[in-house]
Amino acid sequence: MTENHQTGDSPVAVVVLAAGAGTRMKSATQKTLHAIGGRTLLSHSLHAADALHPDAVVAVVGHGRDQVGPAALAVGEDLTAPLSIAVQENQNGTGDAVAVGMTALEGFEGTVIVTNADVPLLTGDTLAALLAAHTEVPTAVTVLTMRLDDPFGYGRIIRNEAGEVTHIAEQKDATDAELLVDEVNSGVFAFDAAVLRDALTRLTTDNTQGERYITDVLGIARDDGHPVRAHIAEDPRELAGVNDRVQLAAAGAELNRRTVEAAMRGGATVVDPATTWIDVEVTVGQDVTILPGTQLKGRTVIADNVTVGPDTTLVNMEIGEGSTVVRTHGIDSIIGPRADVGPFTYLRPGTVLGEEGKLGGFVEAKNATIGRGSKVPHLTYVGDATIGEYSNIGASSVFVNYDGVNKHHTTVGDHVRTGSDTMFIAPVTVGDGAYSGAGTVIKDDVPAGALVVSGGHQRNIEGWVEKKRPGSPAADAARAAREKDAG
């Protein structure tokens with residue numbers, strides 16, 4: 001939020017242009033709905049706009065409106081400003097798109113920021129700086145510009161001796177002297193609403209494309225005697241547009257670089273930033289160690305003193321203080337403080353591991369609550385279950401939760417010890433302090449403190465292999481062993 005807007009001196013509205021076809025993306029998904037850093041390009045742009053705390057945000061949609069409109073409204077639920085949708089029926093240029101957006105701002109007076117939904121790296125801070133530059137000195141139009149080492153293809157910003165913008169010289173129309181200018185148009189503007197509204201009615205299609213261009217508003221405003229100025233963005237990388245998959249990947253890499261750097265400056269150790277990916281809505285605490293090959297996605301929250309990785313992907317996870325999560329894939333689950341998870345562990349949605357709990361190697365859990373201090377150390381599936389405190393589930397155990405039609409729940413009490421290869425045939429309850437023998441199939445409830453076994457005495461049928469599998473390697477080995485023992 002800018003100081004002017006905070007004090008109510010300058011009402012602000014933002015128009016976000018998202019109507020383009022984006023054909024170079026070569027996708028059935030509309031361009032602005034492709035994602036980097038856990039948000040779509042459209043979502044990044046709308047959140048940047050919302051950082052101004054504007055009075056209104058308008059998303060202009062056109063191509064793919066059936067996709068883009070609902071997506072914009074879904075993002076709008078998380079914004080502080082009211083969001084409305086305006087539909088550009090025919091894509092007749094940027095000026096026409098802004099005119100469509102202004103129909104949703106009838107009666108609005110103040111500053112209108114126009115930005116694009118395909119510049120996902122543009123931050124709210126840069127928009128705030130543009131707004132401040134526009135309002136600190138009375139200005140009709142302020143164009144956000146950038147300086148490039150290679151400005152080829154961009155419209156050059158031509159200024160007079162007073163520093164005001166006289167016009168934008170497009171690459172194909174620029175003189176040799178104008179082509180030497182390294183300050184270029186970003187396509188992001190701040191307008192006085194009244195000046196903009198009037199100029200939009202006077203735009204023509206007298207150009208090679210036969211379209212109405214928003215850049216023509218600058219000339220109209222200047223011809224009317226209004227000041228037109230420019231504000232240079234500090235980081236031109238923010239204004240890189242995304243038009244194809246190559247640019248999408250480049251923008252994603254730059255966004256991730258920023259996000260990982262922010263985590264490190266916030267007190268986390270990232271051992272290998274090049275192989276670490278962190279979405280923009282992830283929260284990372286202090287004294288966290290993130291090992292190579294880690295992805296933190298969605299709205300994952302990592303508390304202080306956690307070690308994550310290597311080779312770990314966490315999506316919408318909550319990791320408690322002091323926990324260790326190694327070579328794990330986790331989705332929509334909670335790991336409590338000082339817990340130990342991994343390696344090669346799979347946490348499916350609805351898993352809650354309690355404080356000081358353990359889910360060990362090759363363990364899968366789904367819709368399961370494991371209490372404080374309880375351990376599931378090895379090669380086990382825990383599905384639709386509740387395990388109490390300080391219990392231990394033996395290796396290679398299975399919570400048999402599905403009967404082919406319905407899922408059923410298993411409850412295991414506190415201080416339970418179950419042997420290896422125990423099968424829990426749900427629905428079933430194992431009482432506090434109970435034990436099970438190795439290989440037990442638990443079909444019925446087990447009372448507290450009981451030992452449950454399901455197998456009978458072992459039976460050995462001697463000579464079976466030589467009789468039933470004659471000539472096999474096993475039969476030959478058995479015969480040799482028998483002869484050796486007899487010898």
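This briefing describes selected helices and residues of the structure above.

The structure is a predicted model, in which local features need pLDDT of at least 70 and side-chain atom pairs count only at pLDDT 80 or more, while totals for chains, interfaces and linings use all residues. Residues are numbered from 1 along each chain as its sequence is written, and side-chain values use heavy atoms, with hydrogens and water left out. Helices (H or I, at least four residues) and strands (E, at least two) are DSSP runs, numbered from the N terminus.

**Helices α2 and α3**

- Helix α2 covers residues 41-50 and helix α3 covers residues 65-76; their axes come within 10 Å and cross at roughly 40°. Such axes are lines fitted to C-alpha atoms, for helices over the stretch in contact, and angles run from 0 to 180 degrees between N-to-C directions.
- Angles under 35 degrees count as roughly parallel, over 145 as roughly antiparallel, 65 to 115 as roughly perpendicular, and the rest as oblique.
- The crossing of α2 with α3 is right-handed. A crossing is right-handed if the near helix is turned clockwise from the far one by less than a right angle, and left-handed if anticlockwise.
- Contact means heavy atoms within 4.5 Å.
- The contact of α2 with α3 has six nonpolar residues, two polar and no charged ones. Ala, Val, Leu, Ile, Met, Phe, Trp, Tyr, Cys and Pro count as nonpolar, Asp, Glu, Lys and Arg as charged, and the others, Gly among them, as polar.

**Residue A72 of α3**

- A72 lies in helix α3 and counts as buried, at 0% relative accessibility. Buried means under 20% relative accessible area, exposed over 50%, and partly exposed in between (1.4 Å probe, protein chains only).
- When neighbours within four places in sequence are left aside, A72 is in contact with L42, L46, A59, L83 and I85.
- A72 and D216 are 144 residues apart along the chain, and their C-alpha atoms are separated by 28 Å.

**Helix α4 and its surroundings**

- Helix α4 (residues 94-102) is mostly covered, with seven of its nine residues buried. These buried residues are G95, D96, A97, V98, V100, G101 and M102.
- The buried residues of α4 pack against the strands β1 (12-18), β4 (56-61), β5 (83-87) and β6 (111-116), and against helix α7 (193-200).
- The axes of α4 and α7 are 10 Å apart, and the two helices pack at an angle of about 125°; they are therefore oblique to each other.
- The crossing of α4 and α7 is left-handed.
- In this pairing, G95, V98, A99 and M102 of α4 meet A193, L196, R197 and L200 of α7. By class, the contact of α4 with α7 divides into six nonpolar residues, one polar and one charged.

**Two residues of helix α9**

- N256 lies in helix α9 (residues 245-265) and is buried, with a relative accessible area of 7%.
- Apart from neighbours within four places in sequence, N256 is in contact with P273, T276, W277 and I278.
- T259 also has its place in helix α9 and counts as buried, at 15% relative accessibility.
- The side chain of T259 reaches the backbone oxygen of L255 at 2.9 Å.
- With neighbours within four places in sequence left aside, T259 is in contact with I278, D279 and V280.

Notes. A polar contact is a pair of N or O atoms within 3.5 Å; within protein, one must be able to donate a hydrogen and the other to accept it, and residues adjacent in sequence count only if both atoms are side-chain atoms.
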